[in-house]
Amino acid sequence: MKIMALAYKELKDILSEKIYIFGFLLQLFIVMGIVLIGFSYSYIAQIENKTSVATNDTEFAKFLAQDEEILCFYSKNFFGDAYVQNIENVFYVYTEDEDLFDTLKTKIEEYYFRYEGPLRSPILKVDFIKERRVVPEFIEVMYSLLVPIVLLLPVFLSMNMLSDSIVGEKERKTFEILLASPLTRFEIILGKLAPVILLGFFQVSLWLFVISRKNVYIKNIFALYIFLLILMILFFSVSVIFSMLSSNIREANIYLTLFMMFLSFLMFIPLPSLGFFSNVIKYSPVVGIVKITTNVLDISILKYFIIYLVSAMIAIFIAKNVLEKDESLRL
Amino acid sequence: MMKKIIKWELKRIFSSKKFTAAFILQFFLIVLIIPMFTVYLETLQSGKFFSTTPGMNEFIPIGMNRKCKLSEIIEEYDQFSLTILEKNGGMKMLQKGNIVAYILVDDDFDQKMLKLENITLLIYYNNSDKSYVAKSYLDSIVNGFSDGLRRARMREYDIPSILIEKKDRTDFVAETEKPKTVEEKKETVPKETTPIEKEMVDIKRLKFSLNREYILLLVMLLPLFMSGGLLTDSIVSEKEKKTGEMLLVLPTKRRNIILGKMLAIFLITVVQIILWIFILYGVGKISNIYTIFPLILAAFLVINLSLLISVYSQNYKESALLVTVIYILVFAFMFGTSILYISELKTLSLLSPLSMVIGLEEGSLTTLDTIYGVLPALSFSFISLALSVYLFSKDSFYFGPRPKLLDLIPDIFSKIGKGNFASFFLGCLSVFGAIIVEIAVGVLMYFFLNLDVGFVIFLLSIVFIEEYLKYLAMLPNKSKFSGVFVGFGFGFFENLLSGFVLFTMFFPVEMILFRIIPLLIHMSSSGILGYFRYKKKTKLGFIIAFIIHLAYNTIILVSI
């Protein structure tokens, strides 16, 4: 009950701050912008994947037209990205693009030997039946990158709110009064964490609703919420630790910004796959989120829950210990 | 006096431990990024597979009936998580959705492959969204596999390769002009003894492959981020600690104080950019030393935006949040538009100075491109600089209470001037406001309302926003014809921008001539509003202007 009073007060504090409301509204636009980025990325990727090739060989033009990724034209002039000229079965390929030249080279070989037994395409291809129009690039970029960003955005921003509240109390010297109240240190942490977690869930739900307006649906919402709860406890405890260790808002902000930059680098930037490193990346929370939101749940997902639950426990334990040290209170 | 302030600032920054720490951090990051960058390029060239973004790890769960050479190739992709399943189990998993594709290969796949025989491969997909992603990857893998086999057969059966010659675009003109002589070239490909497996797969497809320029830009963001932080720190902390009040009483104009602070930070940023670029140039990571200039331009823009934020914010908390949000937006915009440089919309992409970096690196930047690239960034920088100087000169921004944002607009407008020419300029300026608000409203409608209702509301709100902004712009000018000039400015600038956009999208010139009519509509609607305002019947004027504008927009949309 005592925790509730503290949590209620914290919630009221946060909601009465104009700048948070402003940040909240901006997040809405960021989330919507993210979905639009997904659309435009897939649009550009589709255009970029299609190369236009002109040729003076009508048979070859028909052959090339079977490839969905090449727009083929019959022309006696240079046109598009490359021009293939067939003069008595010597092929001249005019292009500046090395990759395109290689692609066309295989295409020409495939075409040239199309009737000769051993060189016909060695693997039988069966057409994919398309029931509805789904753009693979959109699915890929949306579910593997943008949805995790949308889900983690409130978590990251709430870390700032939390540290503002704690360091603010330290600066205003009201934290000592809070410590004098009949609440244990652990209860104080819980009381501080509860409202931010609540707001975090509210935002996550809202953003999920927003993206669902554009037909981006996710699976296993219940499991996702549990996983996010664990992540929130972990990250918010880290935020508590940072704010206890810093003497003013500016310092706490610098720590948090560095921490978040490091995290987003690990979570969202493509990294080369190098043995051990790529194995570590497999346990990134983003991978967990992607698996929960897009796969049918099975037992293998438990390892993510266990890893982050243990880390969250450790983090909250450290946070409590830091809070118990009185020197971290005196500036 | 300004020189003194610059000197103080520089001294303060260099003596602070935080700056030294940040500087060293940057240095290490850059030193770190260079070998990482080399690893990137090497991985690219060696044809090893990339882990794409971490979220793509094991994104596509698939099944296969046996281990073979193909499964080894698939496993090299980080995107796949492959499980070996016998047929019945696999099909069940496919139906349940645990896997999105199931590959069935011949039992003697490896033997057949080594003997170069035909191979049958069956891939089953379920109808989940991910199966489309799986299909697009598996297609390219299977095609690569198929190509590799064909190559191997060509060598095995000693079939002479056909002649394929690579030529440049410029050769085409030269070739077509002179009569062609067909050369008979017949070289037999020497039979190589390399094992087939080695060159079996030749996959070009690398999704999300970052190109050089992007990594370069990423490095350059560091000094920009830092400079913004330093500036807000310097201004906001003086506000919080009340030491800024001492500065205000110095026998100099307030303008000089703020310009001094800005220039000090700008100087440091420029030095950093030059330093990093020279290092990168020295180790051969960039090819053009002139990339310094667009980067400095971008830095100038970012610094001026942070200046505006720090003058506006009351405390550190506020400025930190605003800076974060604005940086996200600015960088998203800069990177987003510079992506367009690679595609067809080159001119539009030049709105972002970062496109010029790519242009310089590619060597495809023309003089006209440079003008298009420099103007928007420079004008935005100076607008925000002028705004910050103006806000800083107001006592209420230093001592509070801070006036509301909306109350400030008429005040700022009247600062610009009260004459007809000023009205014209304000009309031009309000186009920016209109664009931003209209995009925001448009996005909201797109998300939350169905197409028809959303469209109607969007149409109404566009007219309302434009007329209201034009009304705000005509407020300082008390004459009868203020509205006409504002409308003229608005229409003129709108045409200029849309002409710019239409040009880049390859619209015919007639379309631009056609834009005379909206100019007249803007002039008449706001002209009427201005006249009624002069007659003290603003509300009536607004309604009439609204109706005229709405009628025109509706007619245009219906006729399209």
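Biologist: Which residue's backbone oxygen lies 3.2 Å from a polar atom of the side chain of A:Lys170?
Modeller: First, this is a predicted model, where local features need pLDDT of at least 70 and side-chain atom pairs pLDDT 80 or more, while totals for chains, interfaces and linings use all residues. Residues are numbered from 1 along each chain, chains are lettered from A and ligands numbered from 1 in the order written, and side-chain values use heavy atoms, without hydrogens and water. A:Lys170 belongs to helix 5 (residues 136–171) of chain A; helices are DSSP runs of H or I with at least four residues, numbered from the N terminus. The backbone oxygen 3.2 Å from a polar atom of its side chain belongs to A:Ser243.

Biologist: Is A:Lys170 buried or exposed?
Modeller: Buried means under 20% relative accessible area and exposed over 50%, with partly exposed in between (1.4 Å probe, protein chains only). At 3% relative accessibility, A:Lys170 counts as buried.

Biologist: What kind of aromatic pair do A:Phe235 and A:Phe259 form?
Modeller: The structure holds 28 aromatic pairs over all chains, counting rings of Phe, Tyr and Trp (its six-membered ring) with centres within 6.5 Å; planes under 30 degrees apart are stacked, over 60 edge-to-face and the rest tilted. In this pair the centres are 6.4 Å apart and the planes make 70°, so by those cut-offs the rings are edge-to-face.

Biologist: How many residues apart are those two, and where do they sit?
Modeller: The pair links distant parts of the chain. A:Phe235 is in helix 8 (residues 221–245) of chain A, A:Phe259 is in helix 9 (residues 249–268) of chain A, and they are 24 residues apart.

Biologist: How do the buried residues of helix 3 of chain A line up around its axis?
Modeller: In helix 3 (residues 58–65) of chain A, the buried residues are A:Phe60, A:Ala61, A:Phe63 and A:Leu64. Seen down the axis, they fall within an arc of 160° (taken from the directions from the axis to the C-beta atoms), so they line one face of the helix.

Biologist: How many disulfides are there over all chains?
Modeller: Chain B does have buried cysteines, including B:Cys68 at 2% relative accessibility and B:Cys428 at 10%. A disulfide needs two cysteine sulfur atoms within 2.5 Å, and the search over all chains finds 0.

Key. Polar contact = N/O pair within 3.5 Å; in protein donor to acceptor, adjacent residues only side chain to side chain.
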